[in-house]
Amino acid sequence: MGIVLAATPLGNLGDASARLVEALESADVIAAEDTRRTRQLAAALGIELKARVVSNFDHNEDSRVAELIDAARTGTVVVVTDAGMPLVSDPGHSVVSAAHDAGVPVTCVPGPSAVTTALALSGLNVGHFIFDGFAPRKAGARRAWLETLQGEHRAVCFFESPHRIAATLADAADVLGHARRAAVCRELTKTYEEVRRAPLGELAAWAADGLRGEITVVIEGGEATTPDSAALTDLVLERVRAGERLKDAVKEVARTHGVKAGELYDEALVTRNSN
């Protein structure tokens, strides 16, 4: 009984573990990001699903929680996404959080993850890293986010759309410096897997016409710095202009740079009101 988070192959079926096969075969309910993809995976693995397969994706997972928790009290609910580990920029958080609150057991069938795969393949210094999900879609918000990485000493890993990768790499080179090293990893574990490691300036030029496939980017950490208060205030206000609430922008900038949020908020408020 309980909730089982199960990692699925990124692309290569050979990465499906014996535990994943067992979990899918023995599940009472399978909560899938895309039910069709999950049924296709099961068929490819030679599994005859006996479970009830229900959709569990970004726009309905909150409404699924009560149903899945009830099912997990008397049976096994396996949570899967289209590829990789649930919760890592994929659905799953709502039901896991609710399960912990309700005292319902939660366990995991570990396996493929684009994050750890890209970090390992990057050839960069990734002993310490952060994962930031998908890069912001809008140009202003993206540049504001990249500004927070200027003094980040840890490597940063993130996902990006093939339609936006050229703009993101160009912005990254502009904000973080053309010489900062990075790696673009696409189609991991698939037939056309490619890992390109180079300075950001070179990567931006290489990707200028766009790329295809699923893309994960790793940027090596920079030298840790402590910007002065005026620079941090400008960074907060740039994020606000990009659409963030002032309190949210202050909280994130303060967290990233290790300063007191209250003092930064006061400075940002005074600066904004004086302009």
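## Domains of the chain

In this predicted model, the protein chain is divided into three parts, namely domain 1 (3-112), domain 2 (115-219) and domain 3 (229-274). The centres of domain 1 and domain 3, taken over C-alpha atoms, are separated by 39 Å.

An unreviewed UniProt entry carries the annotation "domain: Tetrapyrrole methylase" for residues 3-204. Over residues 3-204 the chain is 39% helix and 22% strand, with 42 Å between the end C-alpha atoms.

## The largest pocket

The largest pocket holds about 700 Å³ of space. It is lined by 27 residues, of which Ala83, Asp90, Phe134, Phe159 and Glu214 are the closest to its centre. By class, the lining comprises twelve nonpolar, six polar and nine charged residues.

Domain 1 (3-112) and domain 2 (115-219) each give at least three residues to this lining, and at least two residues come from each of helix H5 (114-122), strand E7 (155-160) and strand E10 (215-219).

## Aromatic pairs

There are three aromatic pairs in the model. Phe134 is partly exposed, with a relative accessible area of 48%, whereas Phe159 is buried, at 11%.

Because Trp145 lies in helix H6 (residues 139-147) and Phe158 in strand E7, the pair ties together parts 13 residues apart in sequence. Both Trp145 and Phe158 are buried. Finally, Phe131, Phe134 and Phe159 form one aromatic cluster.

Notes: Residues are numbered from 1 along each chain as its sequence is written. This is a predicted model: local features need pLDDT of at least 70, side-chain atom pairs count only at pLDDT 80 or more; totals for chains, interfaces and linings use all residues. Side-chain values use heavy atoms; hydrogens and water are left out. Domain bounds come from an automatic or database domain assignment. UniProt positions are given in the numbering used here, feature names are shortened, and annotations may be inferred rather than shown by experiment. Helices (H or I, at least four residues) and strands (E, at least two) are DSSP runs, numbered from the N terminus. On a 1 Å grid over the protein atoms alone, a cavity is a set of points where a 1.4 Å probe fits but cannot get out, and a pocket is an open set with protein on both sides within 12 Å along at least five of seven lines; lining residues have an atom within 4 Å of a point. Grid points are joined across faces, edges and corners, and a volume is the space filled by probe spheres set on the points. Ala, Val, Leu, Ile, Met, Phe, Trp, Tyr, Cys and Pro count as nonpolar, Asp, Glu, Lys and Arg as charged, and the others, Gly among them, as polar. Rings of Phe, Tyr and Trp (its six-membered ring) pair if their centres lie within 6.5 Å; planes under 30 degrees apart count as stacked, over 60 as edge-to-face and the rest as tilted. Buried means under 20% relative accessible area, exposed over 50%, partly exposed in between (1.4 Å probe, protein chains only).
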